[in-house]
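I opened this entry to keep track of what I looked up in the structure. I began with the chain as a whole and then went on to helix packing.

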Amino acid sequence: VRLLTAGQWPSLLSSDASVDLGTLVAHTVPLLDSSISEQLLLLKKEGCLSPHQSNLNILTQALSTTQAAVKDTAKEDSSPLVPQTWSPPSLEASKSISTAKFYCRGTLAALSTIIIDEHDKTQTGALMLYSLVKKVETLCNEVSVASSTFSGVDLTDNAIVAAVTSMSRDICTASFDFFSAVEALCSSQEIHSSQLPELDAKVFNTSTRLAKLSAFFRTNQIEADGQSQTALLSPESTDPWVSVIEAATKVQRARGESDLNYAVRGRLLEEQLSIAVENDAKLSIADAKIKSLEKNLATRSKEISIQNSRLEELETVLAQPGSTASPKRPETSTAPSQELSDLKEE
């Protein structure tokens, strides 16, 4: 996402460098994308990635190959095409809030499988666990709302972007601590109600940090942009390219630049050309019809030319002195003219 954004970001790269970067990504990413899609499809079918059915080594190798190719190729005159210190605004914040969301969801799934020790006859532990699960479920919903609100962040306001990035990082850290605590709890042989208050404190810590971010959004009147359910440049985006274009367009509009990046226009032209290539069969048929019509038109033109020449001859004869119209058919030469011969041959 960082490389795709760099290729479209206003005033960052030259036209040639942007084209080189786009070509690089287009040639190196498909292998990794195919490997990830294969694992996700297996995860959807089986519900888990077991070492007997899945081969994560292929995914790891594809990731290493892609990273090496990008690192070696994304250079110009032994220097990186994209400055190493450059990162699009809110990219880190989007990654942090998305990571926190999945930490919370993973924690909720793990807590749903916990069974309290049966010796606890008062059911206090079960009630505490139920309350904890409800709190985590509410936390997951709040993180999802915060993630969608990220789409309304002004990418050109450095102060807001920095504040949101810092708070998102804190939320990600807190959710990771909570996830790690639940992971350790699930790994133990027995689970007692006395272990739950510690988890409750970690839920409260994560919720407090999330509430701080939500209050910041309300104070600065930041709302979700349209129907977007994720932040711009978020790893959860269905189409990262669309997300990149939207982010670059927002920055250009904020800067008062009415003209979109040349790559945006190039994208539209590529889509039009793709449609034309898909309709190649129709174009061939239309081209054949056009050639046939052109041939018929040429034939008709020659026929009209012959008729015009005969009319001119007739007008010349009638214009001669003493000529009178005769009902008899004039005697003409039986030898066809050269134009009539050529017409019959065609």
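**Chain overview**

I read the protein chain along its sequence and got the pattern α-α-α-β-β-α-α-α-α-α-α-α-α. That is 11 helices and 2 strands. I note here that the model is predicted. Of the 346 residues in the chain, 30% count as buried. I also looked up contact range: among contacts with a separation of 6 or more, 77% are between residues 24 or more positions apart.

**H5 by itself**

I checked the length of helix H5 (residues 124-149). At 1.5 Å a residue, its 26 residues should span 38 Å, and the end C-alpha atoms are 38 Å apart, so the two agree. Next I listed the buried residues of H5, which include Gly125, Leu129, Leu132, Val133, Val136, Leu139, Cys140 and Val143. Ala146, Ser147, Ser148 and Thr149 are also on that list. What covers the buried residues of H5? The cover includes helix H4 (91-111), helix H6 (158-187) and H7.

**H5 against H7**

I took the pair H5 and H7 (residues 196-219) next; their axes come within 10 Å and cross at roughly 25°. Angles under 35 degrees count as roughly parallel, so H5 is roughly parallel to H7. The crossing of H5 and H7 is left-handed. On the H5 side the contact residues include Met128, Leu132, Lys135, Leu139, Glu142 and Thr149. On the H7 side they include Leu196, Pro197, Asp200, Val203, Leu210 and Phe217. By class, the contact of H5 with H7 has 14 nonpolar, 4 polar and 3 charged residues.

**Thr149**

I then looked at one residue, threonine 149, which lies in H5. Is threonine 149 buried or exposed? Its relative accessibility is 10%, and buried means under 20%, so threonine 149 counts as buried. Leaving aside neighbours within four places in sequence, threonine 149 is in contact with Phe217, Ile222, Glu223 and Ala224.

**H4 against H6**

Last, I looked up the pair H4 and H6. Their axes come within 8 Å and cross at roughly 25°. That angle makes H4 roughly parallel to H6, and the crossing is left-handed. From H4 the contact residues include Ala93, Ile97, Ala100, Tyr103, Cys104 and Leu111. From H6 they include Val164, Arg169, Ile171, Phe176, Phe179 and Cys186. I recorded the classes for the contact of H4 with H6 as 15 nonpolar, 7 polar and 2 charged residues.

How values were computed:
Residues are numbered from 1 along each chain as its sequence is written. This is a predicted model: local features need pLDDT of at least 70, side-chain atom pairs count only at pLDDT 80 or more; totals for chains, interfaces and linings use all residues. Side-chain values use heavy atoms; hydrogens and water are left out. Axes are lines fitted to C-alpha atoms, for helices over the stretch in contact, and angles run from 0 to 180 degrees between N-to-C directions. Helices (H or I, at least four residues) and strands (E, at least two) are DSSP runs, numbered from the N terminus. Angles under 35 degrees count as roughly parallel, over 145 as roughly antiparallel, 65 to 115 as roughly perpendicular and the rest as oblique. A crossing is left-handed if the near helix is turned anticlockwise from the far one by less than a right angle, and right-handed if clockwise. Contact means heavy atoms within 4.5 Å. Ala, Val, Leu, Ile, Met, Phe, Trp, Tyr, Cys and Pro count as nonpolar, Asp, Glu, Lys and Arg as charged, and the others, Gly among them, as polar. The expected span of a helix is 1.5 Å times one less than its number of residues. Buried means under 20% relative accessible area, exposed over 50%, partly exposed in between (1.4 Å probe, protein chains only).
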